[in-house]
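Here is a short tour of a two-chain model, meant to be read with the structure open beside it. Please have a look at the coordinates, and then we can go through the chains and their interface together.

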Amino acid sequence: MELVKRYVYAVTKTFNGKQRAEIEKELTANIEEMIEQNKSTDSIEEKEKKVLMELGNPEKLADNYRGMKRYIIGPKYYELYKFVLKIVIGAVIGGISIALLVGSMFSSNQTIVDQTSNYLSALFSGSLQAFAWTTLVFMIIERKNVTIEEDPSGRNEWNLTKLPQLPNKKTEIPLSDPIASIIVTTILFTIFFGLLYSTPEIFAIYLNVGKDLVTIPIFNIEVLQGYRVFIIGIFLISILTEVLKIYYRKWTLKRSIIHSVLVVLTTILTLIIITDINLWNPNFASELLKNTKIDLSILNNIRNWIIAFLVGINLFEIVIVLSKGIFQFNKEKK
Amino acid sequence: MDKKQTEEIYDGLIQELRRGNIILSVLSQLKTPQYGYSLVVSLEEKGIPVEPGTLYPLLRRLEKQNILESNWDTNTSKPRKYYRLSENGKNIYDKLCNEWFKINNNMEKILKSQE
């Protein structure tokens, strides 16, 4: 019975709760019946094996019970997935190369061998991360879509009005736009993250005071490093919005709203980090004053300027995207 | 195209042809209650073999669609899940039968007129 139990488990393991119990009970009963009906002189084990072979691959049987195949990334998104994966991994490799090159210029106490092995291991783990995160984003897209298609009310039934509008310059999303964004975002993020962990002291202001080189750190590095989950989150959401744009190719009201929500989300996450007082080196202003006689009580304002700039840019994008969505909505209503 | 490929394509077409008839054959046997394996056997005897791996999930699906109803017989030493046509299923089966005869009729005409 060991084999039978393992077979039944292989079929039912992807089901839950009541459904699982039912399939388990029924399938076991059927298998036992099939074994019993085999009146040949074979041993029980032989009969078991024959029956299970007749039933075939348990994964296929599970698919039959489910009525559909399950994918991590289905055929609908697979091409897009490969495409984005290439871009992201390419950008990560480029970003790491730049980051470590810049980093090596500031820390000369490492041998070439050390630097090369650091570079290679960073490339490896970076590509792996890029692969994992991209796959995760697409898994989410895949899952989200599955629920849309399973809409039982029939509201999503196709009719002629659902045919897409012919491309309109105003609402079309040029492919170059999201691709450029993905590349730039990934490179910048990789450089930033690479430096944050390899040579965090680089985030500083360098001053020539007399003959000495004075460095004044801008951030409290430990606090900044503590925000890594947030930073990765911001990165992921940014990539997600761009991937969605490649998928959309055209703005509609609904899409522009989703896009805006995602932009707001990244803005909020960024603001949470920036507005954390502990993030900034508390001695920055006093050290700068000591070394340069520049009074940086205005420096406090710099943070506010960054915030205003960030909010302004994102607000601008939301307004533009929403207006495109509304334009398309009005056009479809006519 | 080599011989093996042609055979594979042919097999695929045959399967396709049979697949459409499986449900109707299954429904035809369920005016009286049957359990999974007995149905496999009776269909096989009647020259319409259906793989158990196809049939068992199909029965569940038809039950969910309210075409079949089921109950567990626990009187015997081995519990068995019996399926039979529901009222709704009987209606659908009759309609499907009519449809099938129509298709069969027309197909015969088409195929024979080619000879």
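What percentage of the 334 residues of chain A count as buried? The figure is 37%, where buried means under 20% relative accessible area, exposed means over 50%, and partly exposed lies in between (1.4 Å probe, protein chains only).

A word on conventions before going further. This is a predicted model, in which local features need pLDDT of at least 70 and side-chain atom pairs count only at pLDDT 80 or more, while totals for chains, interfaces and linings use all residues. Residues are numbered from 1 along each chain as its sequence is written, chains are lettered from A and ligands numbered from 1 in the order in which they are written, and side-chain values use heavy atoms, with hydrogens and water left out.

**The two chains**

Chain A contains 12 helices and two strands; these are DSSP runs numbered from the N terminus, with helices being H or I of at least four residues and strands being E of at least two. Along the sequence, its pattern reads α-α-α-α-α-α-α-β-β-α-α-α-α-α. Chain B has four helices and three strands, which run α-β-α-α-β-β-α from the N terminus on.

The table puts some values for each chain side by side. Contact means heavy atoms within 4.5 Å.

**Where the chains meet**

Chain A gives 19 residues to the contact and chain B gives 17 residues. Between them the chains bury about 1,700 Å², 57% of it on carbon and sulfur atoms; buried area is the accessible area (1.4 Å probe) that two parts lose on being put together, summed over both.

The interface holds three salt bridges, each being a side-chain nitrogen of Lys or Arg within 4 Å of a carboxyl oxygen of Asp or Glu. One of them joins Glu22(A) to Arg60(B), whose closest N and O atoms are 3.1 Å apart.

Which elements give two or more residues to the side of chain A that touches chain B? They are helix H2 (17–37), helix H3 (44–55) and helix H4 (58–66) of chain A. The largest share, 13 residues, comes from H2(A).

**Two loop residues**

Thr252(A) sits in the loop between helix H9 (228–248) and helix H10 (253–274) of chain A. Its relative accessible area is 18%, so Thr252(A) counts as buried. Apart from neighbours within four places in sequence, Thr252(A) is in contact with Gly325(A) and Gln328(A).

In chain B, Asn66(B) belongs to the loop between helix H3 (52–64) and strand S2 (68–73). Asn66(B) is exposed, at a relative accessible area of 52%. Its phi is near 65°, a positive value in a residue other than glycine. Most residues other than glycine have a negative phi.
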